[in-house]
Amino acid sequence: MYQNFFGLNELPFTLTPNTHFFLNLPTHQEALNLIMVALENGDGFVKIVGEVGSGKTLLCRKVLNTLDAKGSENGSPENSPPENNTLSAYVPNPYLSPDGFRMSFARELGVELENLKGSFDLLERINQRLIELAAGGKRVVLIIDEAQAMPEKTIEALRLLTNLETETAKLFQVVLFGQPELDELLGRTSLRQLRQRITFSYQLKHLDQEGTGQYLQHRLTLAGYNGISLFNAASVKQLCQAAKGTPRLINILAHKALMVAYGKGERQVLPRHIKIAVDDTEGVSLKALPIRSLAAGALIAAGLSAWALLSLMQQGGAL
């Protein structure tokens, strides 16, 4: 690929939500701070909403890593109380029946599921496990990604689970991550009881031009780049406009633009490289961009010189 050409140790713009590349931009840092403060205060429900590709899953994993770090930071003196011990339960795909959701939660809690005798037995085992964890000083946080996919009956099952509590505190807290459809779902009259339990919510914002530039430079630096700015100001402006500040689209366009620049043997990404990347990507456009007749995928290949395309194919990385 273009790694050696630009002096990179790894690809900087992959679509995998790798927390190594997490950047403390205002929108994501504010959301992270809100989540951590709400959990420290013992609030029951927190809701984070963002458009497709806005970095919700990356933020979700950052929260999980932060909670896991808190859960293991008490290994100093033996007489230190385990006040920060945290057990995080993660449900990445909540499109489940109520019993399926309870089973998933139970597994995350380490509940023994042998010889299970139905839904009531499962609920009793979850309750008992939560009480045991609370007695041992463990705070339980349930994190649900793609929460907009939850069936209504499953959301109600979640609400009923949160009724499990001691005289002084809830037995677990919930953080919901979802697309804007989550707000529509929770807006139903039938789900008003759960909606009233959401004490904090946050809407992830798109990156502006300055944020886009910081995002690009941050990922390039972490990938090992230490030369002059690979993306000049005009390129950053075009990329932000085309991607509408959406991190996933920024990654896609930046990756393709780097391929085009590499193919032409040019050491900096220029606006013309961004235009080729935009033309090659469905769902993005620039107002002043002329209509092209090449099929999707052909534009990037056309932007690569013969030697670069041959090298790319030999490495097994051709589009």
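Q: Two strands count as paired if DSSP finds at least two bridges between them. With that in hand, how many bridges join β3 and β4 here?
A: Four bridges, with β3 (residues 139-144) and β4 running in the parallel sense. Keep in mind that this is a predicted model.

Q: Thanks! Which residue stands opposite Val141 in β4?
A: That is Gln173.

Q: And how many bridges join β1 to β4?
A: There are five, and β1 (residues 45-49) and β4 are parallel too. On this side, Phe45 stands opposite Val174 of β4.

Q: Is β4 mostly covered or mostly open?
A: Mostly covered: six of the six residues in β4 (173-178) are buried.

Q: Which residues sit on which face of β4?
A: Gln173, Val175 and Phe177 are on one side, with Val174, Leu176 and Gly178 on the other. Both faces are covered, as each of these residues is buried. In a regular strand, side chains alternate between the two faces of the sheet.

Q: Changing topic to packing. How many residues does the largest nonpolar core have?
A: It has 34, and those with the most contacts inside it are Phe6, Leu216, Phe231, Leu239, Leu253 and Leu258. The elements that give two or more residues to this core are α1 (3-6), α9 (209-222), α10 (233-243), α11 (247-263) and α12 (271-279).

Q: Which of those gives the most?
A: Helix α11 does, with eight residues.

Q: What is Phe231 in contact with, leaving aside its neighbours within four places in sequence?
A: Phe13, Leu216, Leu220, Val236, Leu239, Ala254, Leu258, Val269 and Ile274. There is also a second, separate core of 33 residues, which includes Leu87, Leu133, Leu186 and Leu191.

Q: I noticed His273. Where is His273 placed, and is His273 buried or exposed?
A: His273 is in helix α12. With a relative accessible area of 0%, it counts as buried, because buried means under 20%.

Q: What is His273 in contact with, beyond its neighbours within four places in sequence?
A: The contacts of His273 are Ala257, Val260, Ala261, Lys264, Glu266 and Gln268.

Q: On to charges. How many salt bridges does the structure hold?
A: It holds 10. One of them joins the side chains of Arg102 and Asp99, at 2.7 Å from N to O.

Q: Why are Arg102 and Asp99 about one helical turn apart?
A: Because they are three residues apart in helix α4 (residues 98-109). Arg102 is buried at 16% relative accessible area, while Asp99 is partly exposed at 32%.

Q: How far apart are the closest N and O atoms of Arg129 and Glu132?
A: They are 3.7 Å apart, and the two residues form a salt bridge. Both lie in helix α5 (residues 119-135), three residues apart, about one turn of the helix. Arg129 is partly exposed at 24%, and so is Glu132 at 44%.

Q: What does Asp280 form a salt bridge with?
A: Lys256, with the closest N and O atoms 2.9 Å apart. This pair links distant parts of the chain, 24 residues apart: Asp280 is in the loop between α12 and α13 (298-303), and Lys256 is in helix α11.

Q: Is Asp280 buried or exposed, and what about Lys256?
A: Asp280 counts as buried at 7% relative accessibility. Lys256 counts as buried as well, at 13%.

Methods: Residues are numbered from 1 along each chain as its sequence is written. This is a predicted model: local features need pLDDT of at least 70, side-chain atom pairs count only at pLDDT 80 or more; totals for chains, interfaces and linings use all residues. Side-chain values use heavy atoms; hydrogens and water are left out. Buried means under 20% relative accessible area, exposed over 50%, partly exposed in between (1.4 Å probe, protein chains only). A nonpolar core is a set of buried Ala, Val, Leu, Ile, Met, Phe, Trp, Tyr and Cys residues joined through side-chain atoms within 4.5 Å. Contact means heavy atoms within 4.5 Å. A salt bridge is a side-chain nitrogen of Lys or Arg within 4 Å of a carboxyl oxygen of Asp or Glu.
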